[in-house]
Amino acid sequence: RGGDTPAALMFQHQSPLGGWNPAQALLHQKIAPQYTNYGGILACAADGTLYAGCHFYNLGKGDPSSAEANQEIAQSHGAAVIKSTDSGATWTDLSGTPLQTPALYSENIAIPPLHSYVYIKGLAVDSKGNLWALTLKPAIDDKRILLSRWDKTTGWVTADLQSVLPADRIAVDATMTIDTRDRIHLALCAV
């Protein structure tokens, strides 16, 4: 996270000769200068394809016509992922359509659920090159833990994993990885 306020999701890679290349803004929010958070995650496939994911969170003012007009409201507009097949020189959506960076949240890069207050908690690639994403809302009013897999022909295929937790528990944080036998491992913090 960096750059001019409001900060953007940044990507930077090491030069072959050492040192770091200049940071590149990948995704951003078109809002007044204020606090932003992206929870950036990077995953790499065996073929070298990079996947950069994030959520679009900010701390803004409430609706001017409401009682919350002068209160700070925490909000997230959703989670998204983009990919690069050339070590970050150019970026596309998952179907390969080129993106101009820094890009804004849009449906063509969104991870389910679309236009929803969620955080991205995991991004991993299995041995077949399938991309997996883990999202959840870290609040007690939404119990969903969503594990989504990108399918090249149908788009996202999503399962709600809330049923794996005891009925009186809600996940508020999580992480994921995929092992060499394509088993998905999740670690959840539940309250």
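Me: Which strands make the hairpin, and what's in the turn?
Reply: E10 and E11 form the hairpin, with 5 residues between them. In the turn, Gly129 has a positive phi of about 90 degrees. Strands here are DSSP runs of at least two residues (E), while helices are H or I runs of at least four, and the numbering of both starts at the N terminus.

Me: What kind of model is this?
Reply: It's predicted: local features need pLDDT of at least 70, side-chain atom pairs count only at pLDDT 80 or more, and totals for chains, interfaces and linings use all residues. Residues are numbered from 1 along each chain as its sequence is written, and side-chain values use heavy atoms, with hydrogens and water left out.

Me: OK, how many bridges join E10 to E11?
Reply: 6, and the two strands run antiparallel. E10 covers residues 119-125. Strands count as paired if DSSP finds at least two bridges between them.

Me: And which residue is the partner of Val125?
Reply: Leu131, in E11.

Me: What about E11 and E12? How many bridges there?
Reply: 5, again in the antiparallel sense. E12 spans residues 145-151, and Ile145 in that strand is the bridge partner of Leu136.

Me: Why is E11 called largely enclosed?
Reply: Because 6 of the 6 residues in E11 (131-136) are buried. Buried means under 20% relative accessible area, exposed means over 50%, and partly exposed is in between (1.4 Å probe, protein chains only).

Me: Which way do the E11 residues point?
Reply: Leu131, Ala133 and Thr135 go one way, and Trp132, Leu134 and Leu136 the other, and all are buried. In a regular strand, side chains alternate between the two faces of the sheet.

Me: Switching topic: how many salt bridges?
Reply: The count is 4, taking a salt bridge as a side-chain nitrogen of Lys or Arg within 4 Å of a carboxyl oxygen of Asp or Glu.

Me: Which residue does Asp182 pair with?
Reply: Lys128, with the closest N and O atoms 3.5 Å apart. That pair links distant parts of the chain, 54 residues apart: Asp182 is in the loop between E14 (171-178) and E15 (184-190), and Lys128 is in the loop between E10 and E11.

Me: Where do those two stand on exposure?
Reply: Asp182 is partly exposed at 24% relative accessibility, and Lys128 is exposed at 65%.

Me: What does Arg183 pair with?
Reply: Asp179, closest N and O atoms 2.7 Å apart. Arg183 is partly exposed, at 41%.
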